[in-house]
Structure formats: structure tokens, C-alpha cells
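Morning, everyone. Please bring up the model on your screens, and we'll walk through it together.

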Amino acid sequence: MDFSYLLAAGVFLLGYVFGSVPNGLWLVKALHHIDIRQYGSGNIGATNVFRTVGPETAAIVLIGDMLKGIVPLYIADHCIGAGASLVAITALGALLGHNYSLFLGFKGGKGVATGLGLFLYMLPVSAGVGFLVWAVLVAVTRYVSLGSIAAALVAAGSAWYFAYPWPYAAFGTLAALFVVIRHKDNIKRLANGTESKIKPGRMK
């Protein structure tokens, strides 16, 4: 399908609305009757859910946040027939929706899980490389933030190495920068040794 600014705006909005769905907030409220924003780091992502209420709910949130990226890309790619540039614009909308949700007063998560879903669809080999980096670093250091930052940067760099379409690789680079920016407070805590290590919570 040929590129048009009207279509670009449409697929961006499609991605943004899907990305805005606050899975962590809604699922934890439904299953545990608490506002996840009032616990731990205050973030609605899977890591804070894991620390607060445990791995089962965190796994559901993780999958839901990944699907926020995958579903709009599938719609743009297969239902609308968008080309690589428009799929990348859809992905940007989903990432911004997750980080600046219209349901949360334009606040949101840190983009890692939704970014993973986007990478899995657009840059699957890079997603695998990034996940491997994340898994090793988290297993060794127990710092999810460190693993997430490193994984995003490595995955973005590998997208250019594996010669994916340039709009996809460019999106990967932009997404990695978003992850780093959204983790700026974690980076400060990592530098001064006050960052929390991962361990599951069991609040009911």
C-alpha cells in the first residue's frame, strides 16, 4: 500500500490506542483489588507487579503488554496492507501509547514489554538476541532494569547488523532510546547502589 499522511495518522492512532491500555493497572485491580501504582516503584509494568503480587499475575501482564504491540502491527500489516514505513509508524504509536497512556493522564510504563512485542513482530532475531542478554544479566545481577537497558541497546544494534528494513531498524533504535530515557531514575540508583533487586511478592 502506498504511503499517505492520512493513512500514517490512522495507523499511528491505531497503535497508540492499543498501546495505551493499562494492563497492569486493570488486571491487578481485578485480581487483587489494589492499585499497583501505590506499591513498590509505582510502575504498572510486569516487574512491579511481580514484586508486589507475584509471578502469576506478572506473567499475564507481561503477555498482555506484549500483545499491545503485536496486535496493532498485525492489523496494519495484514488487514490494512501497510508497508514497512507504516508498520513502523504503527509501532511508534504503540510504544508512545504504553509510555504516555491516554487512560492514565499521559503517564505509563517504561516500554520494555510492549517494546518486546514490537521487536518480536518486526525484528524477531534481534528480539531473541536482546532476550538472551536480558536473561543472562538478570540471572547474574538480579537487576531487571540493567537487563532491560542492555537488552534494548543490543537488540537495536543487532537490527542494523541483520539488515532488517531500515524503517524497522530505525524504530528499534528509537525504541531503545525510549527505554533508556524511561529508566533514567533506575540508572541513577544503579550508579549509587540503591537499585532494588528482583524478588517476587505475594500480596493478595
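Let's start with one side chain. Lys-68 is buried, at 5% relative accessible area. Buried means under 20% relative accessible area, exposed means over 50%, and partly exposed lies in between, with a 1.4 Å probe and protein chains only. The areas come from the Shrake-Rupley method with that 1.4 Å probe, and for residues only the protein chains shown count as cover.

Before going on, a word on the source. This is a predicted model, where local features need pLDDT of at least 70, side-chain atom pairs count only at pLDDT 80 or more, and totals for chains, interfaces and linings use all residues. Residues are numbered from 1 along each chain as its sequence is written, and side-chain values use heavy atoms, leaving out hydrogens and water.

Back to Lys-68. Which residue does Lys-68 meet in a salt bridge? Asp-65, at 3.6 Å from N to O. A salt bridge here is a side-chain nitrogen of Lys or Arg within 4 Å of a carboxyl oxygen of Asp or Glu. Asp-65 is buried too, at 3%. Both sit in helix H4, residues 55-79, and they are 3 residues apart, so about one helical turn separates them. An α-helix has 3.6 residues a turn, so residues three or four places apart point the same way.

How many salt bridges does the whole structure hold? The search finds 3. Another joins Arg-37 to Asp-35, at 2.9 Å. Arg-37 is partly exposed, at 39%. Asp-35 is buried, at 13%. Then there is Arg-189 with Glu-195, whose closest N and O atoms are 2.8 Å apart. Arg-189 is partly exposed, at 29%, while Glu-195 is buried, at 9%.

Now the overall fold. The protein chain has 10 helices and 0 strands. Helices (H or I, at least four residues) and strands (E, at least two) are DSSP runs, numbered from the N terminus. The radius of gyration is 17 Å, close to the 17 Å that the globule rule gives for 204 residues, so the chain is as compact as a globular protein of that length. That radius is taken over C-alpha atoms, and the rule is 2.2 Å times the number of residues to the power 0.38. Buried residues make up 46% of the 204.

Next, helix H8, residues 144-161. Its 18 residues should span 26 Å at 1.5 Å a residue, and its end C-alpha atoms are 25 Å apart, which agrees. The expected span is 1.5 Å times one less than the number of residues. Buried residues in H8 include Val-144, Gly-147, Ile-149 and Ala-155. Their cover includes helices H3, H6, H7, H9 and H10. After H8 comes Ala-163, with a positive phi near 60 degrees.

Last, the cores. A nonpolar core is a set of buried Ala, Val, Leu, Ile, Met, Phe, Trp, Tyr and Cys residues joined through side-chain atoms within 4.5 Å. The largest has 26 residues, and those with the most contacts inside it are Leu-118, Met-122, Leu-123, Tyr-168 and Phe-171. Helices H1, H4, H5, H6, H8 and H9 each give two or more residues to this core. H5 gives the most, with 7. What does Tyr-168 touch, leaving out residues up to four places away in sequence? Ala-84, Val-87, Ala-88, Met-122 and Leu-123. Contact means heavy atoms within 4.5 Å. Apart from this core lies another, of 11 residues, including Ile-34 and Ala-58.
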